[in-house]
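Here is a short briefing to read with the structure open beside you.

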Amino acid sequence: MKKTADYFGAAIGFIISCLILFGRWIHFQGAGYTIFGFGYKVHKYGGIISFSKVFESVETVAATGRSIVPAYFFLFLPILLAVVLIVRSVLLIKGKKVSVLTNFAYWIGLFYLMTVFLAPYCISVPFFASLFLMLADYIGTRLILEGAEMSRQARELKQREREAKLDKIRRMHFPGRYSKDFYEVVFANFRSNLRGYLLFIVAASVSVALFYVLFGALALSYMMNPDLNLMMTSGIFKIFSEVLNIVVFLSVMLLVLIISNYIKTRMKNYGIFLGLGIRKKTLWLVIALEYLVCILSSLAVGLLLGNLGFPVLKYLYLQSQGIRMDVPTAYQVVTLVTAIAFLLMTGLATLINYHLFEGVDITSSAVNAAKKEGVPKNHLFLGLFYGLYCIYAGIRGFIYGHWMEGLSRVAILLFGALLILYCGGGKLVPWFRKKKERYFKHMFQVLPWKYRFKTNAKYLFLLFTIQTLALSVYLPRLSSCLISAHGEELYPYDFVCMAHEEDSEFFQEMKKDYDIQMETYPMVRIDTLLSEPFSFNTLICSTNGGMFFPLGQQVGISETTYQKLKAEAAPKDKSTLHLKGKEIHVVFQQDSSQRARLLDWYVSPMEHLGYDPHLRAGRICYYDLLTRDTLYPAYQIKSQEKRILTGMFHNGDQENIVVFSDEHFDDLLKSVEGRLDKEPSPTQLVTLHTTKEEYQEISDKLTIFSRKNASDSAWDATILPYYAKQVQKPLAEGERFFKEIAFSATIFIMLLSSLFIFYLKFSLDIDDLRRRNGLLEAIGMGRKGRERIIRSEMAMHSLWPLLFAAAISVIFFTVLPAMRLFSRVEMQYYYITQLILLLVYIQVYHLGIHFLEKHFIKVICT
């Protein structure tokens with residue numbers, strides 16, 4: 001059989017290799033090409049960049065997000081796959097072992113399959129034929145090798161099923177009804193396990209309530225600002241998606257652990273029911289009803305809590321904004337979306353537990369003894385050093401660089417902590433056992449790790465992860481929201497316009513007709529290579545030559561203009577910049593709740609560009625790697641600050657102020673004016689103050705101005721010819737309100753998650769702790785000594801994760817004001833607020849742990 005399987009795999013490998021190397025693998029603009037034929041054609045045009053310029057229009061690529069460039073770069077994967085399969089086929093014919101090559105080939109094929117759909121030029125008949133043959137190789141080889149064995153097992157299985165069916169008919173013969181005493185025993189058992197049901201319902205209902213509040217806050221923000229483009233600009237959706245992912249992960253994790261605990265604690269009860277004579281069919285119905293009642297009760301309680309809590313938060317927010325009228329909120333829609341989300345999460349958690357208990361008969365009274373879990377022994381020093389490096393890289397990447405304040409850097413840090421926990425634990429446990437005196441002194445702390453290392457490490461890492469996210473990420477973010485400036489401070493002008501030269505007459509007439517205060521400053525539109533952090537979406541939207549979207553658009557002014565605007569915003573600040581040459585000063589127009597920014601987020605995987613921004617004055621233009629540095633030359637940031645000069649219009653992503661020296665600004669302005677015929681661009685920054693009575697009329701006038709200059713929004717619909725205070729201010733206030741709700745909800749569920757995980761961990765160990773307590777009591781140890789041992793073991797999972805997370809969080813929340821360019825006053829308020837929130841969090845956590853420890857000690861020692 002093995003020889004037949006080898007020949008079959010070799011034949012499949014040769015066929016797939018022929019399809020890859022000689023089939024028409026690529027279809028481009030109606031023509032099919034082999035891989036090497038396409039490579040030859042690209043070579044004739046001088047490379048893929050030149051080829052793409054000839055056959056692809058940049059407008060089409062930008063609109064569709066598809067380019068031949070990524071597909072061409074990924075062609076090395078099928079070629080590599082063909083080479084691997086040929087080598088594998090030769091080795092199979094010779095009867096050699098090829099398991100490593102086989103797995104390598106499958107991984108290459110899987111990775112290439114994921115890349116194909118990013119640029120579907122390679123979706124062809126040879127591709128699908130190769131995909132089918134790869135599956136045939138895997139399945140066919142297994143069938144050949146295991147066919148005879150599978151046939152034998154199938155015959156035995158049919159025989160066992162036949163015997164089981166006959167036995168079931170005999171056992172399931174039920175002559176009458178269950179007795180009254182039977183029902184009394186069953187319901188008494190339910191009442192004795194009421195605490196387990198309550199744990200399930202409380203944890204799940206809290207998740208439902210938090211989801212209701214999050215969806216309700218999003219709905220309220222939308223009702224107050226129904227313009228979807230403005231909602232996207234405000235960043236509410238970004239915050240919502242990030243927080244939603246965290247809350248969903250924590251909720252599913254909690255449900256998985258709680259359902260797992262529920263099943264484990266109920267297994268003995270199910271065995272008792274069987275012993276009393278209940279049929280398995282009836283028992284499964286009872287289990288399903290129990291589970292369904294818990295889910296529906298959790299949903300009902302959670303929706304009730306959400307319906308009671310969210311209107312209160314809504315009322316407080318509207319009152320803080322001075323809004324006396326009620327803003328309608330689609331409570332029915334919020335309720336429906338929350339219910340669907342919760343049921344999906346419950347289904348996912350149930351599915352995970354189904355796989356965890358797939359081989360366990362949960363209706364059996366026999367509970368398998370816990371197996372000893374080995375302590376890690378291999379590559380411990382390497383793991384420790386790499387873990388330390390990951391922690392350093394995570395912290396450094398979070399506070400500095402193109403990924404600062406990104407949760408991916410926190411994930412790297414947590415991975416490093418996991419390595420240190422496993423490898424460090426693998427070193428510490430044998431170290432304690434080397435000397436008897438040391439081992440006996442710490443025996444009760446070492447024994448759980450000696451026999452249940454993976455379980456203890458799992459719970460300890462989960463607790464550390466939750467505490468790190470809460471203390472290092474979301475508490476500082478909430479503090480920065482609570483101290484952020486209000487709307488009036490963020491928008492000093494009623495209107496801010498980016499006008500063209502020909503608009504001067506329009507604004508002069510407006511000044512004559514209305515009672516307005518108008519100031520006009522020279523400006524140039526400044527474009528950057530990338531306006532947001534680099535992401536996977538940025539990569540797939542790249543075009544020929546490495547052009548990424550979205551490009552950034554800022555406001556460039558001279559140092560003289562900057563001094564005039566600063567005199568309006570901060571009259572007491574008399575500092576000067578003294579810029580020279582290509583030195584620039586950057587003013588990020590954002591409040592303290594916005595994440596730290598770079599003026600230009602562009603990063604190249606093929607070259608190190610540093611953090612100097614690449615800027616272009618005037619209208620955005622296309623570029624490639626050859627023309628990039630010419631069209632978008634690099635500038636040196638001499639200094640930067642966070643200050644509102646004209647208004648916070650894109651949360652610091654765009655419409656920031658870039659200050660040049662007067663001489664360099666004049667050169668840029670002349671360059672822009674020389675290209676206005678071909679590249680129309682705003683050259684005047686106009687600020688307007690008006691009265692409340694004339695505000696709407698001015699707004700209507702500026703709508704005409706906006707339509708006339710609609711081409712300014714051609715590259716980005718959110719970049720407007722003018723910005724209105726009454727439009728932008730509710731967006732900023734709504735986003736701040738949503739952030740406060742979202743971050744508070746995240747911190748709250750993290751706090752509850754840590755307490756629930758602590759409870760679940762020791763509720764599963766309760767039998768072992770009771771037996772050990774009985775042994776210590778039997779040998780004469782007093783109650784205080786036994787309680788001290790229990791508390792020291794619990795402190796390992798309650799105190800140490802908190803202390804290590806707090807130590808790391810000091811770095812994060814200390815440097816955050818510097819990252820976000822806080823002023824001295826903002827720093828003072830931030831540190832005070834952060835300290836208060838930290839004390840409240842620790843106090844609530846301490847109270848929860850105190851009551852849980854008290855409960856467990858009472859259960860164990862009595």
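Predicted model: local features only at pLDDT ≥ 70, side-chain atom pairs only at ≥ 80, totals over all residues.

An open sheet of 4 strands runs in the order 4-11-3-12, and its pairing is antiparallel. Strand 4 (517–522) and strand 12 (722–724) form the edges, each pairing on one side only.

- Strands of a sheet pair through backbone hydrogen bonds, and the pairing can be parallel or antiparallel.
- Strand 3 covers residues 495–499 and is joined to strand 12 by 3 bridges, the two strands running antiparallel.
- Across that pairing, phenylalanine 495 stands opposite alanine 724, and valine 496 has tyrosine 723 of strand 12 opposite it.
- Strand 11 (residues 684–689) also runs antiparallel to strand 3, with 5 bridges between them.

**Which way the side chains of strand 3 point**

- In a regular strand, side chains alternate between the two faces of the sheet.
- In strand 3, Phe495, Cys497 and Ala499 point one way, while Val496 and Met498 point the other way.
- Are these residues buried or exposed? Both sets are buried, and the count for strand 3 is 5 of its 5 residues.

**A nonpolar patch on the surface**

- Which residues form the nonpolar surface patch? They are Phe128, Leu131, Leu135, Tyr138, Ile139, Leu143 and Met150, with about 660 Å² of accessible area together.
- One of them, isoleucine 139, lies in helix 8, which spans residues 125–171.
- Isoleucine 139 has a relative accessible area of 47%, so this residue counts as partly exposed: the value falls between the 20% limit for buried and the 50% limit for exposed.

**Cysteines**

- How many disulfides does the model contain? The count is 0 disulfides, where a pair would need its sulfur atoms within 2.5 Å.
- Why does cysteine 294 count as buried? Its relative accessibility is 4%, and buried means under 20%.
- Cysteine 481 is likewise buried, because its relative accessibility is 0%.
- Cysteine 497, back in strand 3, is also among the buried residues.

Key: Residues numbered from 1 in each chain as written. Heavy atoms only, no water. Buried < 20%, exposed > 50% of the residue type's maximum accessible area, 1.4 Å probe, protein only. Patch = residues over 30% accessible without salt bridge, like charges linked within 9 Å, V, L, I, M, F, W, Y side chains within 5 Å. Areas by Shrake-Rupley, 256 points an atom, 1.4 Å probe, with all protein chains shown as cover. Salt bridge = Lys/Arg side-chain N within 4 Å of Asp/Glu carboxyl O. Pairing = 2+ DSSP bridges.
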